[in-house]
Amino acid sequence: MQNNLLDEEMLPAAEMLNMTVSSSDAGKRLDVWLSELLEGRTRSFIQKLIEDGSVQLNGKPTVKKDKNTRLTEGMQVEVNIPAPAAMELVPENIPLQIVYEDADLLVVNKSKGMVVHPAPGNYTGTLVHALLWHCGDSLSGIGGVARPGIVHRIDKDTSGLLIVAKSDRAHVGLADQIREHSFTRQYEAVVYGNIKEERGTLRDYLGRSSSDRKKMAVVSPLAPDAREAVTHFEVLERFEGFTHVRLTLETGRTHQIRVQMAAIGHPVAGDPLYGPQKVITELQGQCLHAKNVGFVHPVTGEHLELDSELPEYFTRFLEKLRRGKKVTSGSMQGILMACDCDGTLICHDDSIPPANVEAVRRFIAAGGQFALATGRPVPMVERFISQLGITTPCVLFNGGMIYDPVDKRPLWYTEIPLEAKKMVLQVMKDFQDAPGGVPGIEIFAPDMIYLLNWHSYMQWHLVDRYPIKHEKTTFSAIEHLPWVKFMFVCDEKYMEDLIKYLDKHPVDGVQLVRSDRMLYEVLPASGGKGSGVERLADMLGIPKRRVAAMGDYENDREMLSWAGFAAVPVNAPPEIQQIADLTTQADNTAGAVAEAIDYIIEHKQSIF
């Protein structure tokens, strides 16, 4: 009866986890890896599980020494977490903000940072401890020893209204309303990006993430733990880079709002789990507040509608956004321009023509979102981002990564399949005695460039122009790391031989792109500038028809073909000019991007 009443809010008595080690986790110590995955569990707790044999590696129970075991890709790990021992809770005199109270229930406005009930890592200082002090023995016992009176939960770093049952009859009546979706809960949040619709409904199935046990994820309806999740949203205010929204829950799954908003590319601001890896530290957790609850009093039959003011952390963040640029229906609002760097935005000496700088800043000031779409890594573009005042995420590595220039962290990146990585070994073997020698090989990981074979062009490419972080290494040392792309560097006179060779040795899961006269890139099939810009537009809530793209080379073709409006500089090859809506009169050294921006602003109505 207890589980039925509390539905998804009940914690299991014990938990069994089955996981497969990914390539990115290979090489980690078993106890370190499990500590990262199992939220709220200490290293000593994990080591005790290993020592007790509660962990199995490829079906074999562990012993104490196995805590030091280094993981290998594909290893099967099973963890049995025993039921927690019964606990005796001691009331604590912790102040509560009580919005409503009678003999059967009370409604509390929970502060950010307070845990609702005891759990590993939080055995004191919880809301339950405070309720025991305030209510004494007059709490419903249906929630058990650890959760007396708790009918529903909100996350530790979410603030807002929470209903607590003081009598068992109130607990049963409230649980019935939650199960029947007649219990209303409204939240307010600030999320990243600009949601394209004014209102809408998110319908998904949520379950435990297969790659990170700390997380929930959108899963297939056929997944064994899939639970339907329904959230209605309405836009309240729009700012540059953020949207203030109201969210109404129809269901109450774990992390529901946070998972669903992240799944559509608009994670909750400050969310350390589902948002950018570098969070907005001033928020100290997600900007999410349970503002309103509505329900029928389970004993009196009276309909209650209770509301709470937005807390100080939330209003302070909103005021900061309001002091900045509020998005309206201005001239370039809702327009995304994705622009290539080399041969388009910048000159051959890596300077940006002043006309381009002024035009980009003017485009951004008019409400437009300007993003770089380039094959370059982060260190090569940081100066341009700063000079132009870019805050919109950028497409780097020719579509292999979407990078947030504000938080300075990847929002997304793809990876090369393991079988495709082995291509570099084959090239090194087969070109060992070739006239041009073995090509230079650069491996681009999210935060480092690894070199498997040196070529003289790399001196200029990596050292002379920029102090790029790089390291010479071997294939075996890095094969388990994530590769965003890799690149062959070859003398121009031998490039055709390399291209013919690669054409004869196709590998599934990748695409090949020539990005320079001496550079040939291997990208994941999910990469490419076109798919990268499309993914960015989805994150920002901008439809294809309102995306402008500008580039000059073969690796820009996909992006130019996909965008609603395509512009190229006059120095682009004829075959690239053929797919463009606009070919500028200026080239990249004389302000081609400025000419394209002026054209877009002047002809906005007919273009978009």
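Start by selecting Gly265: just after helix α6, this glycine takes a positive phi of about 85°. Helices here are DSSP runs of H or I with at least four residues, strands are runs of E with at least two, and both are numbered from the N terminus. You're looking at a predicted model, where local features need pLDDT of at least 70 and side-chain atom pairs count only at pLDDT 80 or more, while totals for chains, interfaces and linings use all residues. Residues are numbered from 1 along each chain as its sequence is written, and side-chain values use heavy atoms, leaving out hydrogens and water.

Now step back onto α6 itself, residues 256-263. This helix is mostly covered, with 6 of its 8 residues buried (buried means under 20% relative accessible area, exposed over 50%, partly exposed in between, with a 1.4 Å probe and protein chains only). Colour Gln256, Ile257, Arg258, Val259, Gln260 and Met261 to see the buried set. Then show what covers them: the list includes β8 (184-192), β9 (199-208), β10 (216-218), β11 (227-239), β12 (242-249) and β13 (288-296).

Next, go to the loop between β9 and β10 and pick Ser209. Ser209 counts as buried because its relative accessibility is 8%. Leaving aside residues up to four places away in sequence, Ser209 touches Lys215, Met216 and Ala217 (contact means heavy atoms within 4.5 Å).

Last stop: Asp155, in the loop between α4 (127-135) and β7 (159-165). An unreviewed UniProt entry places the feature "active site" at Asp155; UniProt positions use the numbering here, feature names are shortened, and annotations may be inferred rather than shown by experiment. Buried or partly exposed, then, for Asp155? Asp155 counts as partly exposed, because its relative accessibility is 21%. Again skipping residues up to four places away in sequence, Asp155 touches Lys110, His255, Arg258 and Gln286. Arg258 takes you back to α6, where it is one of the buried residues.
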